[in-house]
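Trainee: I am new to this structure and would be grateful for a close look at one part of it. Please take the aromatic rings and the residues around them, and then the backbone of the loops.

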Amino acid sequence: MNDELERLRGRAVLVAGAGVSGRATIEPLTDLGAHVTVTDRNERALAECAALGARTVDLDSLVDDPAALREFALVVTSPGFPPDAPLLSRAAGAAIPIWGDIELSWRIDRAEVYGPARRWLVVTGTNGKTTTTMMLQAILEAAGLGSVACGNIGLSVLDALRRDEPRADVLAVELSSFQLHWAPSVRPEAGVVLNIAEDHLDWHGGIENYIEAKLGALTGAVGVIGLDDPIAGGLGDRSRAVVTVGFTLGYPQEGELGISGELLVDRAFADSAVLARVDDVTPPGPAGLSDALAAAALARAIDVPASAVHDGLRRHRVGPHRAAPVGQVDGVEYIDDSKATNPHAARSSLLARDRVVWIAGGLLKGARVDDLVAEVAPRLSGAVLLGRDAGEIADALARHAPQVPVVVVDTGDDEAMTDATSETDTASVRRVAAPGADGPAAMRVAVREAAALASPGETVLLAPAAASLDMFADYAERGRSFASAVEELRGGGTQP
């Protein structure tokens with residue numbers, strides 16, 4: 001065990017956050033001999049941590065008593081805590097080291113606390129992380145490698161490290177910008193930045209800090225960048241990886257992966273190796289192909305053969321709430337892309353369809369929607385908006401698509417919706433009152449209104465361009481609510 005971890009033996013460690021990532025740190029820290037205290041405002045989550053043997057303390061009481069921090073040798077923070085959170089600011093002011101759960105995971109793995117160190121393949125980007133990670137996992141399985149998908153995808157890295165059977169020698173690690181910010185030591189075998197668009201700017205305090213966090217994936221042996229993305233494609237000069245390669249939907253130059261005709265081709269790790277056919281990739285379309293090339297690049301970086309890339313991509317199937325069809329009613333297709341939690345992600349779904357009634361809204365997290373609305377305006381047959389930042393999207397539609405009919409579902413909760421400006425006071429905007437409606441109830445209203453705007457042959461697309469937490473538990477609940485509302489609609493419609 002290295003000295004930094006050895007120094008935790010017999011010392012007090014504070015875990016900030018009692019959620020999934022925080023709970024996952026308790027047993028490993030205990031294995032290291034540390035005395036673990038968990039802090040949060042959620043009493044139920046704290047009770048779960050106490051059941052794992054941790055001492056617990058209310059977050060507000062800890063923040064109100066700065067002297068209480070002096071007993072701790074380390075703070076391990078959950079990714080949801082921004083750098084300027086009062087607790088972390090006080091810890092930094094007291095010169096207490098702050099690690100994220102991924103930083104702790106990396107140090108434990110490098111110290112071989114749970115067996116020989118693993119090979120990390122890191123996936124980050126604004127959009128496409130989960131799809132790319134699952135494609136990568138399918139490829140690794142096809143290659144016969146002991147592997148697991150973990151990180152920001154459900155299974156924590158620490159849980160992946162601690163499990164005995166089956167042992168994972170290669171980790172396909174999805175990491176958010178939050179996790180990378182708090183994990184400066186990570187040096188993956190290979191890492192990819194898929195794309196970068198405005199997202200989480202409120203957490204990072206600006207786009208440059210967001211980019212800097214994403215660059216944490218490009219610090220190991222091989223860095224991979226999405227060349228077609230305006231920002232990610234320009235990171236080659238800033239990459240700290242030993243070797244940096246790129247992927248593109250065009251014909252690949254030397255040192256790139258790309259597409260030649262109907263084939264995915266590798267010219268980075270081979271002279272010209274055919275990896276798969278375009279029609280082997282699910283989901284179809286530009287976003288799916290980009291994710292497939294990124295996954296292939298990470299696998300090829302650790303010498304996975306082209307045949308395994310082919311087999312893995314053919315076996316992969318897209319996860320729920322990612323441009324998933326949920327049914328047709330009266331000749332109108334309904335698509336659930338609830339995972340499109342920012343404008344960049346929504347753009348891919350909107351541009352993949354000719355005529356769309358767009359259901360959008362939620363928490364924009366500081367992102368702007370004007371460029372998106374201006375680009376997709378010719379495809380919109382209508383828009384139905386809900387959630388706290390519905391007014392901002394309505395304003396953008398009034399500026400850039402005044403001909404598009406807009407319905408705003410107003411729950412009457414001042415805390416749940418930003419007031420629209422006078423720009424939305426036009427004949428094309430109609431407000432539908434849904435007083436006191438919760439998220440699922442508001443979604444039922446939104447789907448009914450969207451159905452009324454749609455014509456046969458068109459698509460009603462849930463691509464919110466915003467986070468869900470103002471009205472739903474998460475994007476999955478939002479997607480399920482959409483599918484449930486479509487099912488109710490189907491009961492009163494006719495099937496094609």
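**Loops and aromatic rings**

Mentor: Let us begin with the backbone and then turn to the rings. In this predicted model, aspartate 330 is found in the loop between strand 15 and strand 16 (332–336). Although aspartate 330 is not a glycine, its phi is positive, at about 50 degrees. Its relative accessibility is 40%, so aspartate 330 counts as partly exposed.

Alanine 323 is another residue other than glycine with a positive phi, here near 55 degrees. Its place is in the loop between helix 13 (306–315) and strand 15 (324–329). Alanine 323 has a relative accessibility of 28% and therefore counts as partly exposed.

A further backbone feature is the cis peptide bond that joins threonine 282 and proline 283, with omega about 5 degrees. Proline 283 belongs to the loop between strand 14 (273–277) and helix 12 (286–301).

We come now to the rings. The structure holds 2 aromatic pairs. One of them is formed by tryptophan 106 and tryptophan 120, whose rings are edge-to-face, with 5.0 Å from centre to centre and 85 degrees between the planes. Tryptophan 106 lies in helix 6 (residues 101–110) and tryptophan 120 in strand 6 (residues 119–124), so this pair ties together parts that are 14 residues apart in sequence. Tryptophan 106 counts as buried because its relative accessibility is 8%. Tryptophan 120, at 1% relative accessibility, counts as buried too.

Tyrosine 334 and phenylalanine 482 also form an aromatic pair, and this one is tilted: the centres are 6.5 Å apart and the planes stand at 45 degrees. Since tyrosine 334 lies in strand 16 and phenylalanine 482 in helix 18 (residues 475–491), the pair ties together parts that are 148 residues apart in sequence. Tyrosine 334 is buried, at 1% relative accessibility, and phenylalanine 482 is buried with a relative accessible area of 0%.

Two charged residues complete the view. Arginine 110 lies over the face of tryptophan 106, at 4.1 Å from the ring centre. Tryptophan 106 thus has tryptophan 120 as its edge-to-face partner and arginine 110 over its face. Lysine 339 lies over the face of tyrosine 475, at 5.4 Å from the ring centre.

How values were computed. Residues numbered from 1 in each chain as written. Predicted model: local features only at pLDDT ≥ 70, side-chain atom pairs only at ≥ 80, totals over all residues. Heavy atoms only, no water. Helix = DSSP H or I, 4+ residues; strand = E, 2+ residues; numbered from the N terminus. Buried < 20%, exposed > 50% of the residue type's maximum accessible area, 1.4 Å probe, protein only. Phe/Tyr/Trp six-rings, centres within 6.5 Å; stacked < 30°, edge-to-face > 60°. Lys NZ or Arg CZ within 6 Å of the ring centre and 35° of its normal.
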